[in-house]
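Open the model in your viewer and keep the sequence panel beside it. The stops below are given in the order to select them.

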Amino acid sequence: MTSLNQLIDKFYQVSVAHPQVNGFGFGPIYDIVGQEINYPYLWVSEETHTMNWSENNTIYNSIDYAITLRVADKVNDQPNVYEANGENSNNGLEVLSDTMQILVDVVNSMAQDSLNIFNEVEILDDISVEHIDHEDSGDVNGHEVTITLRVVNNSQCVTPLTPTGATSLVNNLFLKGIF
C-alpha cells in the first residue's frame, strides 16, 4: 500500500522531472507565505481522506486521499515588461497560461503513469481547476486543483500487531481503584 508520505514523495519526483518547476513544498496552504521558494512551484497539501470498507465487509481495502496541488509563479509588474500588451503591462497572462499547463502535465503524469511511479494510484472523478490571484504580497498567480487519489490496501494490517499479554484498560483501572 502506498502511504501518504510515499504519495508526497511521488509529487516531489514529478516536480523535479518537470523542466518548468523550480520549487516544491508540502503543508497547509498558509505555510507558503514567508517560505523561501523558487518559482514556479508545485505545492502539495492534504485534505480529508476516506477509508473505504470492502464489499465483503472484512477490511478497509482502499484509502481515498484528497490532495490539493497548487502551481504558482510570480507576476512581473514592471513597466513595459511585455510590450505586446502595452505600457505598464505585466506577464500575468503568461503566468496563468504556464501554471495551467504545468498543472495539466502533473495530473497527466499521474493518469498516464509516465514516470512509472503512480502504478498503485487511481485518480477518481473529474477535476475542477481554481484560479489563484494576487497571493503572497499580491504578485503570485496560478492554479490549483483538489484531486482524490485511491490507493488500494490489500493487507489487513500494514503494521503487524501482536498480543502483549497486557490486561485490558478496564481491568487495570479497576485494579488501581479508579472504578
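Select Tyr60 to begin: this residue is partly exposed, with a relative accessible area of 40%. The model is a predicted one. Tyr60 sits in strand β3, which covers residues 60-74.

Next, go to Pro40. Pro40 is in the loop that runs between β1 (23-26) and β2 (41-53). Show the backbone here and look at the link from Tyr39 to Pro40: the peptide bond is cis, with omega at about -15°.

Now move to Asn116. Look for Asn116 in the loop between α2 (92-111) and β4 (121-124). Its phi is near 55°, a positive value in a residue other than glycine. Is Asn116 buried or exposed? Asn116 is exposed, because its relative accessible area is 63% and the cut-off for exposed is over 50%.

The last stop is Asp125. Asp125 belongs to the loop between β4 and β5 (129-135). What is the phi of Asp125? The angle is near 65°, again a positive value in a residue other than glycine. With a relative accessibility of 65%, Asp125 counts as exposed.

Terms used:
Residues are numbered from 1 along each chain as its sequence is written. This is a predicted model: local features need pLDDT of at least 70, side-chain atom pairs count only at pLDDT 80 or more; totals for chains, interfaces and linings use all residues. Side-chain values use heavy atoms; hydrogens and water are left out. Helices (H or I, at least four residues) and strands (E, at least two) are DSSP runs, numbered from the N terminus. Buried means under 20% relative accessible area, exposed over 50%, partly exposed in between (1.4 Å probe, protein chains only).
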